[in-house]
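Dear colleague,

I am passing on the structure below, and my notes on a few of its regions follow.

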Amino acid sequence: MHSPLQAQVVQWLVQPGESVAPGDVLVILEAMKMEHEIRAPHAGRLTELFFQAGETVGEGDALARWTRLDASPTASPPAPSPRSASKASQNTPRADLQQLQDRLAFTQDALRPEAVAKRHATGLRTARENIADLCDPDSFVEYGALAVAAQSRRRSADDLMRNTPADGMVTGIGCVNGQRVVVMAYDFTVLAGTQGMRNHQKTDRMLGVALQNKLPVVLFAEGGGGRPGDVDVAIVAGLNLATFASFARLNGQVPVVGVVAGRCFAGNAALLGCCDVIIATTGSNIGMGGPAMVEGGGLGVFKPEQIGPSAVQHGNGVIDILVDNEAQAVSAARHYLSCFQGAHAEWQTPPTQALRHVVPENRVRVYDTRAAMQGMVDEDSLLHLRTGFGVGIHTALARIAGRPVGLMANNPLHLGGAIDADAADKAARFMQLCNAHGLPIVSLVDTPGFMVGPDTEALAQVRHVSRMFVAAAHLRVPLLSVVLRKGYGLGAMAMTGGGFHETLSTVAWPTGEFGGMGLEGAVRLGYRKELEALPEGPEREALFAQLLAQQYDNGSAINMAATLEIDAVIDPATTRDWLVAGLQAGRVRPADGALAIDTW
């Protein structure tokens, strides 16, 4: 037996005359302050030692003489050696591993029954329960689990370990729908989900990982904002944080999803507001300041539930998807993320014949364009966004033949489909969202144009509606438009990327009607003299009806296609086929890295 390196003999574990089994440790050598175990390569008996403890050996020096014991059918196996680990000892955790397991146990819900019970009593789930529901089974890998609040100057280590696990924020990487996602969840059972020094550090770490590796981010944002009790670091105001800038830097780079149940105020709300989409429960409250901040500003005394309730935040556009509970919120988050995770190989086609009956034969009868959206996309794929705000335009994510797309459609049930400021803001941001993440856009058009009038102009209509033109001018994704009925004026142009030939294709159903403005207004304005030449009454009304019919016939979909102002008139039942062909032909250009998605 020879030494594999120059070293000092520390200890012999076997003495002359003793038998050894394969793998037994024979001697311990030390080199460069590191100990090396020399093990028996096979069964044998040690007969003579050439070096004693404390002596130095050179590389290749013979350490001892021993006799090999070859196994034979009649030979008895060597007795178990204390120098070899038994199976029982292998199954017993080492002291250092046991210490780790004991420490990690304090981060889990099982060792915090009172906090969990208090949370469940409010009808809400824990941060870890939400993460377990969001991520595919056994896929979540946690970062920073051993962190505690930076309050060692005022609290004991045992207190911090037991009562501030993970510093109130669970962070890591898990799989959602089979693809990796960064997940961060403020834990309201720990210091009310406030933002502490170390959970800011954890957040910064995860945001860097997400940006560098282009991983989507899901943030469970419930919590009360900044935490004043962290005293382990010398700061005055703590305004030199990188967290908010780092979070905002994800804009347009990766999908960012915010989820809220319960109360979300101050710094937590600031991060939430940077998300691409906000999913919230009906029992949630969202505000840039909680009750203490409001009262401190001399603005009155309010209960938490009075500040930013979900009904208000859904109606004003802050909340994109409003659900009843956390289980539905997590389900919506999984659905939303799936729209940015590539095409599906399998899908179910809806009954396309139903599209022929979506638009009424009576041209002044209202209808719901969401039925058209439902009839064009794969079954069970439609996810409506921002339904409480800008109701003049519907926006949704879905799939067509397995491929994710964005859809927007005018809403004739609201202002006859006219586009007001809120609808324009909603559509412009939706185009930015799809553009940033490479989703083709399908636009369903039925609008008499932009909303007009003194009251409308007082709301900065000019600036708001023009956002649609600017957003469309920067699209790098295919835009396909289908005119369902009314395609009038600037509003129709805004719905088609700025003009009917700015799209990959612009087609119309046979019910399509077109004009530079609403046909009734065009007749009254263009034929004012002829109409005023007749007395008010049946004769003038008859002339108006005649002129209107002429304008309607002239602006029919067939005439528009004949003059090549649109690309085709199609059977509504073939709309899916037309869209599939366009999606296969269209190209998504590379992103330019510019600001992609307005927060509003």
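L104 lies in helix α2 (residues 95-105), where helices (H or I, at least four residues) and strands (E, at least two) are DSSP runs numbered from the N terminus. This is a predicted model, in which local features need pLDDT of at least 70 and side-chain atom pairs count only at pLDDT 80 or more, while totals for chains, interfaces and linings use all residues. Residues are numbered from 1 along each chain as its sequence is written, and side-chain values use heavy atoms, with hydrogens and water left out.

L104 has a relative accessible area of 30% and is therefore partly exposed, given that buried means under 20%, exposed over 50% and partly exposed in between (1.4 Å probe, protein chains only).

R119, in helix α3 (residues 113-121), is buried because its relative accessibility is 7%. A polar atom of the R119 side chain lies 2.7 Å from the backbone oxygen of R125. Leaving aside residues up to four places away in sequence, R119 touches L124, R125, T126, F188, T189, E222 and E326, contact meaning heavy atoms within 4.5 Å.

Strand β20 (residues 441-447) is largely enclosed by the rest of the structure, because 7 of its 7 residues are buried. In a regular strand the side chains alternate between the two faces of the sheet. From β20, I441, S443, V445 and T447 point one way and V442, L444 and D446 the other. Strand β19 (residues 403-410) runs parallel to β20 and is joined to it by 4 bridges, pairing requiring that DSSP finds at least two bridges between two strands; M408 stands opposite S443 in β20.

With best regards

Conventions:
A polar contact is a pair of N or O atoms within 3.5 Å; within protein, one must be able to donate a hydrogen and the other to accept it, and residues adjacent in sequence count only if both atoms are side-chain atoms.
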